[in-house]
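Dear colleague,

Please find below the structure that I am handing over to you, followed by an account of what was found in it.

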Amino acid sequence: MTPPGQPGRRALTRREALLAGVVPLLAAVGGCDGPGTEGTAPAASAAGPRGQVRSGLVAFGDSGGGPAQPAVARAMERWAATHRVDALVTTGDNVYERGEPELFAAQLDQPYQALRRGRPLWATLGNHDVTAGHGAEQLRHLGLPDLPYAKSLPGLQLLFLDANRVDQEQASWLDARLSDPGPDLRAVVFHHPAWSCSVHDTSEQVGRHWVPVLEDHRVALVLNGHDHNYQRFVSPGGVTYVVTGGGGRRLYPLDGCASGSPERVAGQVRHHFTAVEVRDGSLAVTAGAADGAVLDRTVIRR
């Protein structure tokens, strides 16, 4: 492969350089916040959102049957009473312990009954959802197609992947969808985190197959679960990665970030949901605790 900028030769695209290792995927960034603390948003996100809200969603993960699931659901209802919410989005592990169909009503339907009046629930699958082989049945229960699939809200496209089988086939699907004409604002949703400093840590397979595509297309927002806490990272390329796994199950502590991780600008060990409000050219992201506290806020611009 020809090094970028060599005279008489075609320069590498950003994606080719990322995959070849010519450009480091993510350079080491100092300043990771300590366990259990909330970081400061980058200066680029300091300005408040501008313009009318075109659409909105609430995202949550690792919820099914957890002791705090009802409290998080009520907190989302309170948010929806004063903010636009067009859809519910899960980052996986929706039904514990093994994704049993007999638990769909108790863990998927009843907790979010009020929120789902007139709103869809769009889900990805976590490892617990597929343990007993009922992942496809859960998607059918929610009226969803097999993963990967795409959904849209005004001003925002959402792309859902299956992180239980991280592969090049889904990377190619993701690359094709992100290359298609569409809104400037795109969000990608899957379970195992692209970046995390906690019990499960970063998924190496996701980093190998999917992160180069996400970075190449400068995706606005990536939503993950798996680690039961809240974390927000911003890569040097300007991609925001959020771990939102505090939907109800037992919480996990935060760890220090390894060298080579992007900057973790916020981290909280709290039960929570993550709200996203879509405006022209921006996403306003708010992490709301089960008790109503605001854990983190940022604005992503494109």
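Y149 and F160 are both buried. Please bear in mind throughout that this is a predicted model.

Aromatic pairs

Four aromatic pairs were counted in the model. One of them joins W79 and F273, whose ring centres lie 6.1 Å apart with the planes at 65°; planes over 60 degrees apart count as edge-to-face, so this pair is edge-to-face. W79 belongs to helix α2 and F273 to strand β11, so the pair ties together parts that are 194 residues apart in sequence. Both W79 and F273 are buried. Y149 and F160 form another aromatic pair, which is stacked, with 4.7 Å from centre to centre and 15° between the planes. Y149 is in strand β4 (residues 149-153) and F160 in strand β5 (residues 156-160), eleven residues apart, and their pair links distant parts of the chain.

An aromatic ring also takes part in a contact of another kind: R249 lies over the face of Y96, at 4.0 Å from the ring centre.

Nonpolar cores

The largest nonpolar core has 52 residues, and those that touch the most other members are W122, L158, L221, F273 and L283. Helix α2 (residues 69-82) contributes six residues to this core, the most of any element. Leaving aside residues up to four places away in sequence, F273 touches V58, A59, F60, V72, A75, M76, W79, T244, T286, A287 and G288. Another core, of 24 residues, lies apart from the largest one; among its members are C197, V206, L214 and F233.

The six-stranded sheet

An open sheet is formed by six strands in the order β3-β2-β1-β11-β12-β13, with mixed pairing. Strands β3 (121-123) and β13 (294-301) are at the edges and have a single partner strand each, so one side of each is left without a neighbour in the sheet. From one strand to the next, the twist averages 20°. Helix α2 packs on this sheet, where it touches β1 (55-60), β11 (272-279) and β12, and its direction makes about 25° with that of β11.

Strand β12 (residues 282-289) and β13 run antiparallel and are joined by seven bridges. Within this pairing, V285 stands opposite T298 in β13.

How many residues of strand β9 (residues 240-244) are buried? The count is five of five, and the strand is thus described as mostly covered. T240, V242 and T244 point one way from β9, while Y241 and V243 point the other way, and all are buried.

Which strands does β9 pair with, and in which directions do they run? Strand β7 (residues 221-224) runs parallel to β9 and is joined to it by four bridges. The bridge partner of V222 in β9 is Y241. Strand β8 (residues 230-234), by contrast, runs antiparallel to β9, with five bridges between the two. Here Q231 has V243 in β9 as its bridge partner. β8 and β9 form a hairpin with five residues between them, and G238 in the turn has a positive phi of about 90°. In general, the strands of a sheet pair through backbone hydrogen bonds, in either a parallel or an antiparallel manner.

Yours sincerely

Notes:
Residues are numbered from 1 along each chain as its sequence is written. This is a predicted model: local features need pLDDT of at least 70, side-chain atom pairs count only at pLDDT 80 or more; totals for chains, interfaces and linings use all residues. Side-chain values use heavy atoms; hydrogens and water are left out. A nonpolar core is a set of buried Ala, Val, Leu, Ile, Met, Phe, Trp, Tyr and Cys residues joined through side-chain atoms within 4.5 Å. Buried means under 20% relative accessible area, exposed over 50%, partly exposed in between (1.4 Å probe, protein chains only). Contact means heavy atoms within 4.5 Å. Two strands pair if DSSP finds at least two bridges between them. Axes are lines fitted to C-alpha atoms, for helices over the stretch in contact, and angles run from 0 to 180 degrees between N-to-C directions. Rings of Phe, Tyr and Trp (its six-membered ring) pair if their centres lie within 6.5 Å; planes under 30 degrees apart count as stacked, over 60 as edge-to-face and the rest as tilted. A charge sits over a ring if NZ of Lys or CZ of Arg is within 6 Å of the ring centre and within 35 degrees of the ring normal.
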